[in-house]
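Hi there,

Here is the structure I promised to pass on. Have a look, and my notes follow below.

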Amino acid sequence: MAPQLSELPPECEPLLPPSGPSDCDQPTARVPRLRADPQRFLLPLIFASVVAADFGNYLSYAPQIAIFESIICRRFGADSHALEVGAGCKSPEVQAELALVNGWKDMFDHLPGILLALPYGFLADRVGRKPILLLSLTGLLMEELAIRVVCWCNTVLPLRTVWVTPIFQLVGGGPQISTAMAYAMITDLVPVSKRFAIQQRD
């Protein structure tokens, strides 16, 4: 006949009679409190850095073109009244030079990210994502400061000197590396179970 549930020994009772006090009589140890989830603090910081870098870059694009245009106007000998009205800045010569400066600068801006993607990717696997992200943001800040110096000293430095400023992106690899590092950090932090999964509909 099978024993009833009330006759079964409890879970914590040993199979052999103990020589000392039973484990059931000992107070249970308090479970240590877990540390705060790093996602609460690090993820918003990563999102803010990516948004600030991209938003700041595109926000300064239109004023930067206007500054380039006024510098080219002065170089072509437009007077102050023409600069205020904007008539002299719309001449074909000025617009052709402006398109040339912006076109070559955009091409040089993409070269460091293309050439240094693999080296900085391997380096990030060795030293971590965060140092590479900070290094990339530092290089972008140095490039922006260099462009402002060229615009400020336009009487001494020609405007085409901005073609050289992407050399500062060698420090960190440029915006492509910073964005890739930010996304890699998010992937490392968020477990697979919490990632968004697209469910196939029947």
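In which helix does Trp104 lie? Trp104 is in helix H4, residues 92-127 (helices are DSSP runs of H or I, at least four residues, and are numbered from the N terminus). Please keep in mind that this is a predicted model, where local features need pLDDT of at least 70, side-chain atom pairs count only at pLDDT 80 or more, and totals for chains, interfaces and linings use all residues. Residues are numbered from 1 along each chain as its sequence is written, and side-chain values use heavy atoms, leaving out hydrogens and water.

Trp104 counts as partly exposed because its relative accessibility is 40% (buried means under 20% relative accessible area, exposed over 50%, partly exposed in between, with a 1.4 Å probe and protein chains only).

Now for the charged pairs. The whole structure holds five salt bridges (a side-chain nitrogen of Lys or Arg within 4 Å of a carboxyl oxygen of Asp or Glu). One of them joins Asp109 and Lys105, at 2.9 Å from N to O. These two residues are four apart in helix H4, so about one helical turn separates them. Asp109 is buried at 15% relative accessibility, and Lys105 is buried at 6%.

Arg129 and Asp125 also meet in a salt bridge, again with 2.9 Å from N to O. Here Arg129 is partly exposed at 24%, whereas Asp125 is exposed at 56%.

Glu144 pairs with Arg148, their closest N and O atoms being 2.9 Å apart. Both sit in helix H5 (residues 129-152), four residues apart, so about one helical turn lies between them.

Best wishes
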